[in-house]
Amino acid sequence: MNSSLMQSKLVQRFISSEKDSTRSAGFLVLPLLGYAPETGLEYGLSGIYNFYLNKEDTLIRTSSIVLQGSLTTKSQSSLKLTSDIWTTGNNYHYYTEIRYRDFPFNFYGIGGDTWQADKDSLTQRLFRLKVEGEKKIVQHYYAGVALMYENYAYTDEAVGGIYDWTPLYGKAGGKYLAFGISQVYDSRNSNIYTTKGYFARLVYNYAPNFWGEENFNGSELSLNLRAFYPITQKLTLGLNATYDEFFGNVPFYLYPQLGSDEVMRGYYPGRYRNTNLITSQAELRYRIHPRIGFAAFLGTGAVYNKQFDFSALKPSYGGGLRYFFDLEHNSSIRIDYGVGEKRPGEPRQAAFYLSLGEAF
């Protein structure tokens, strides 16, 4: 292949505002690079492969495989492989995740009233295997089953801190095997960049008492609601609400956490955690050009135990930039800056995110 043809294909793939008419697969690899005192230098790669399982089906949704891996100069590592597969006619939807993590994180205590000064550094070793399958029963309605295994282990890197003196169930770690069922309503016009439609997913997981001791035995109920309204051809309003609750002898490491690159942006994951989590957010998405978009978001949420209190709600707001590297599948690189609450005597909480795909 001559150089001019290769250059033309590169322009078409990453710069041109025209779609590739062949409905081809899309592939992107991004370098990962960062530094923190607890990890030293972190380096790795993040890659995504988008494709249609049946290119002849013009209504089939985009399937994807995502691989993320990193190492640090302090011998820590993280590896995550996910797949999201849609079959012909969107009759079946399969999701899998394999994850290994040997990485530090900060523990601040339990509840929505923790303090920066109590930060305690731990090392978490996690192995996760997750498999989900859903079948379309009638138009827009799916029912499915799930299987998930997780194994956690913890090392306290700073003995004498809040992790030591807080009574925690499952302090050393634990494992569980959960079986789940799901019910889904999905009328979105796209599963990658939605501009119209509704999505509702209710999941119930149950973990039998296979291992005893301080391993998880109980259940989880989670709900995810989304709605998308086209205001103009380029401007979309997205709404999202989530609810997550655990029941039984719940270890601290399974408590839902406030803050991620998708929900309650601006908070360190785990700064606030408890047995219940509720969130809501709205996002305005403006696609100024086929390759470029902007977003502004506003949300609120809280963690709590047993009884919800409106005064516990915390703010989340911010904005970001989108670069659509694959027009056929509407796949984007997302850069967001989220802002959270300011507690007395502490700087306002905030976070910067570089992610693949939309927040919801």
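1. A helix here is a DSSP run of H or I with at least four residues, and a strand is a run of E with at least two, both numbered from the N terminus. By that count the protein has 2 helices and 18 strands. Its radius of gyration (over C-alpha atoms) is 21 Å, close to the 21 Å from the globule rule (2.2 Å times the number of residues to the power 0.38) for 360 residues, so the protein is as compact as a globular protein of that length.

2. A friendly word on the basis: this is a predicted model, where local features need pLDDT of at least 70 and side-chain atom pairs pLDDT 80 or more, while totals for chains, interfaces and linings use all residues. Residues are numbered from 1 along each chain as its sequence is written, and side-chain values use heavy atoms, leaving out hydrogens and water.

3. On overall dimensions, the C-alpha trace spans about 65 × 45 × 40 Å along its principal axes. Of the 360 residues, 48% count as buried, meaning under 20% relative accessible area with a 1.4 Å probe, protein chains only.

4. Contacts (heavy atoms within 4.5 Å) are worth a look too: of those with a separation of 6 or more, 56% are between residues 24 or more positions apart.

5. Q124 is buried, with a relative accessible area of 12%. Leaving aside residues up to four places away in sequence, Q124 touches R101, D102, F103, F105, Y152, A153 and Y154.

Terms used
Buried means under 20% relative accessible area, exposed over 50%, partly exposed in between (1.4 Å probe, protein chains only).
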